[in-house]
Amino acid sequence: MDAYDLITRNAAEVVTEDEVRSLAEDPDGKRAYVGYEPSGVLHIGHMLTANKLIELQEAGFEIVVLLADVHAYLNGKGTFEEIRETADRMREQFVAYGLEESDTEFVLGSEFQLDEEYTLDLHALELETNLSRAERAMAEIQSGDTATVAQAVYPLMQALDIVYLDVDLAIGGMEQRKVHMLARDTLPSIGADAPTCLHTPLIADLSTGVGKMSSSAGVSISMEDSEEELREKVNKAYCPPSRDPEPDADGEDRDNPVLQIFEYHVFPRFGEVVVERPEQYGGDLEYDDYESLASDLDSGELHPADAKGALAEYLNELVAPGREKIRQQRS
Ligand code: IYR
């Protein structure tokens with residue numbers, strides 16, 4: 001796979017393609033980053049961007065992980081003390097998950113976001129941005145129903161992080177795209193370049209296939225789940241024998257979350273998949289790529305129950321090192 005294909009693999013969008021092509025010409029030493037609000041438990045939604053970081057590391061990028069403590073605080077996720085404790089645990093879990101520690105710079109937001117120069121640049125961006133634009137940027141990130149002033153400042157700080165961390169490529173889930181578009185439009189006003197961005201897809205809610213998986217609503221797969229919990233959750237998951245399910249009774253679009261997890265988590269990390277089946281049901285099935293697994297589910301060759309059984313096994317392998325780390329941290 002050439003560098004451009006590896007960088008853009010499984011991305012929902014890149015902004016812009018030309019900019020990413022020019023990064024791909026010589027990725028060595030280029031810097032890419034993702035920021036995470038340290039709050040709650042990590043779930044596999046977070047790990048989609050982590051998978052991308054691992055791939056970028058393979059392509060030669062330097063990786064910066066921002067543990068966005070000030071952002072979590074501004075978004076009402078707890079006291080600084082609570083948030084910092086979570087940040088320490090998060091860092092260890094990312095390493096357990098597979099981020100190469102020697103090639104990853106972990107930075108706490110408060111290490112640079114409280115500096116005078118940062119604050120003055122932030123105020124300059126505040127002057128350039130109207131409130132409704134800041135609010136719109138936060139629509140899919142904001143906790144609570146009514147936007148606070150803190151939540152309007154949040155996206156401007158996220159924009160500024162790109163400048164202060166000196167990154168060439170900003171990564172985030174699709175819910176971050178409006179913040180990144182705001183960054184592209186406003187950073188030039190303080191003399192910085194418009195950042196290049198890559199967004200990962202969102203995984204649908206596990207039990208309905210509608211909307212996106214989140215830890216606050218519906219069923220999500222957490223990085224702390226036991227083997228048994230993983231098996232139960234995957235067994236109950238929505239998985240019609242189709243890669244393109246019909247909309248639900250209210251006309252809402254639905255995805256097949258079981259297939260999405262194979263596509264975005266299992267194949268990128270394991271490369272191939274074996275679905276074990278007793279001889280009497282045709283024996284094991286082996287897949288080298290996502291497409292062949294999805295088309296077998298579509299054609300009926302692969303039964304959803306067998307697909308789920310295999311998915312639970314692979315997820316357990318992905319989750320196990322981080323889960324072990326958490327056990328050690330607690331004992
Ligand atoms: N908005 C992110 C957290 C975050 C990301 C980046 I990239 C930053 O520079 C700062 C914060 C979230 O929703 O988790």
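The crossing of helices H8 and H9 is right-handed, a crossing being right-handed if the near helix is turned clockwise from the far one by less than a right angle, and left-handed if anticlockwise. Here H8 covers residues 149-164 and H9 covers residues 177-186, with helices (H or I, at least four residues) and strands (E, at least two) taken as DSSP runs numbered from the N terminus. The two helices pack at an angle of about 65°, with their axes 9 Å apart, where axes are lines fitted to C-alpha atoms, for helices over the stretch in contact, and angles run from 0 to 180 degrees between N-to-C directions. That makes H8 roughly perpendicular to H9, since angles of 65 to 115 degrees count as roughly perpendicular, those under 35 as roughly parallel, those over 145 as roughly antiparallel and the rest as oblique. Pro-155, Gln-158, Ala-159 and Ile-162 of H8 make the contact with Val-179, Leu-182, Ala-183 and Thr-186 of H9, two residues being in contact if their C-beta atoms, placed from the backbone, lie within 7 Å. By class, this contact has six nonpolar, two polar and no charged residues; Ala, Val, Leu, Ile, Met, Phe, Trp, Tyr, Cys and Pro count as nonpolar, Asp, Glu, Lys and Arg as charged, and the others, Gly among them, as polar.

The model is predicted, and local features need pLDDT of at least 70, side-chain atom pairs count only at pLDDT 80 or more, and totals for chains, interfaces and linings use all residues. Residues are numbered from 1 along each chain as its sequence is written.

H11 passes H13 in a left-handed crossing, in which Val-258, Ile-261, Phe-262, His-265, Val-266, Arg-269 and Phe-270 of H11 meet Ala-307, Lys-308, Leu-311, Tyr-314 and Leu-318 of H13. Nine nonpolar, one polar and two charged residues form this contact.

Around the ligand there are 13 residues, of which Gly-35, Glu-37, Ala-68, His-71 and Asp-161 come nearest; a residue is counted as near if its C-beta atom, placed from the backbone, lies within 6 Å. The elements that give two or more residues to this shell are strand S2 (31-36), helix H8 (149-164) and strand S5 (169-173), and the largest share, three residues, comes from S2. By class, the shell has six nonpolar, five polar and two charged residues.

Two backbone features were noted in loops. Most residues other than glycine have a negative phi, and most peptide bonds are trans. Asn-10, in the loop between helix H1 (3-8) and strand S1, has a positive phi of about 60° although it is not a glycine. A cis peptide bond, with omega about -10°, joins Val-15 and Thr-16, and Thr-16 is placed in the loop between S1 (13-15) and helix H2 (17-25).

Overall, the protein contains 13 helices and eight strands. Its C-alpha atoms fill a box of roughly 70 × 45 × 45 Å along the principal axes. The radius of gyration, taken over C-alpha atoms, is 20 Å, which agrees with the value near 20 Å that a compact globule of 331 residues would have, the globule rule being 2.2 Å times the number of residues to the power 0.38.
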